[in-house]
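Reader: Hi! I have a model open on my screen and would like to go through it with you. Could you show it here too?

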Amino acid sequence: MRNSLAFHRLHAPKTQQRSKSGVVPPWVIVMYNSVFFNNCVHHPNEKKKEVDKFCIDCLQSFCSHCLPSHAFHKHIKIRRYIYSDVINRQDLCKLFNCSGIQAYHTNKAKVLFLKQRTQSHQQQSSSRDYKCSICGKTLQDNTSLYCSIACKVSNIYRDEKIYVGLPLTKKPRLRRTRKGVPLRSPMF
């Protein structure tokens, strides 16, 4: 039953739904492959020269000093949260269908992870845990299907034979035993 509900939440409204590949704009894939929070090559001697914005019209990332040249373009601010690139959900919903993506709270704002969420420690799973349908990461609630924008895009393109440039694979979990075979000390 969850899969049938997931299908309806996955797609954009009918105004955006021309074809399955038309749901994901090309700038999302370019934004995924961009590197953020490095120094801007155009402003090496300025303060606050971190590349933390993405121009949708030009398909490139830029810093706050480059903003005047992109003043009349659509752009998104990228933020850092737990060493990962995140985007304010309210800003992104105006440009992309964010339904089904887990939102996290930071500084009184809901944000979405751009790339797959990292889990630094192993969590014990229970039968009622909610998992991302692509990578299997633990989610906070049952209304979400994906842990990140990249997982949602990967699921949309899953049936089509198109390489999106999103390296997403579900890693097999190795089951570790707590204790090995007991060994006796040698008797001399």
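**Confidence first**

Author: Over residues 168-173 of this predicted model, pLDDT (the predictor's confidence in each residue, from 0 to 100) stays under 50, and the model has ten contacts (heavy atoms within 4.5 Å) beyond four places in sequence for this stretch.

Reader: What is the mean pLDDT of the protein chain?

Author: The mean is 75, and 69% of the residues reach 70 or more. Over residues 1-22 the pLDDT is below 50, and that stretch has 31 contacts beyond near neighbours in sequence. Where pLDDT is low, the predicted coordinates should not be read in detail.

Reader: Great. How many salt bridges does the structure hold?

Author: There are three salt bridges, each being a side-chain nitrogen of Lys or Arg within 4 Å of a carboxyl oxygen of Asp or Glu. Asp52 meets Lys53 at 3.3 Å, N to O, and Asp52 also meets Lys77 at 2.7 Å, N to O. The Lys77 pair links distant parts of the chain, 25 residues apart: Lys77 is in strand 3 (residues 75-81), and Asp52 is in the loop between helix 2 (26-33) and strand 1 (53-55). Helices (H or I, at least four residues) and strands (E, at least two) are DSSP runs, numbered from the N terminus.

Reader: And the third one?

Author: That is Arg80 with Asp85, at 2.7 Å, N to O. As for shared partners, Asp52, Lys53 and Lys77 are joined into one network.

Reader: Is Asp52 buried or exposed?

Author: Asp52 counts as buried because its relative accessibility is 12%; buried means under 20% relative accessible area, exposed over 50%, and partly exposed in between (1.4 Å probe, protein chains only). Lys53 is buried too, at 10%, while Lys77 is partly exposed at 32%.

Reader: What about Tyr83?

Author: Tyr83 lies in the loop between strand 3 and strand 4. It has a positive phi of about 60° although it is not a glycine, and it counts as exposed because its relative accessible area is 79%.

Reader: How many residues of strand 4 are buried?

Author: Five of its five residues are buried. In a regular strand the side chains alternate between the two faces of the sheet. In strand 4 both faces are covered, with Ser84, Val86 and Asn88 on one side and Asp85 and Ile87 on the other. Strand 4 also pairs with strand 6 (residues 109-113) in the antiparallel sense over three bridges, where Asn88 stands opposite Val111.

Reader: Switching to helix 2. Which residues there are buried?

Author: Trp27, Val28, Ile29, Met31 and Tyr32 are buried. They pack against several elements, including strand 1, strand 3 and strand 4. Met31 counts as buried because its relative accessibility is 0%. Leaving aside neighbours within four places in sequence, Met31 is in contact with Phe36, Phe54, Ile78, Ile87 and Leu114.

Reader: Last one: where does His70 lie?

Author: His70 lies in the loop between strand 2 and strand 3, and it counts as buried because its relative accessibility is 4%. Beyond four places in sequence, the contacts of His70 are Cys55, Cys58, Gln60, Phe62 and His75.

Key:
Residues are numbered from 1 along each chain as its sequence is written. This is a predicted model: local features need pLDDT of at least 70, side-chain atom pairs count only at pLDDT 80 or more; totals for chains, interfaces and linings use all residues. Side-chain values use heavy atoms; hydrogens and water are left out. Two strands pair if DSSP finds at least two bridges between them.
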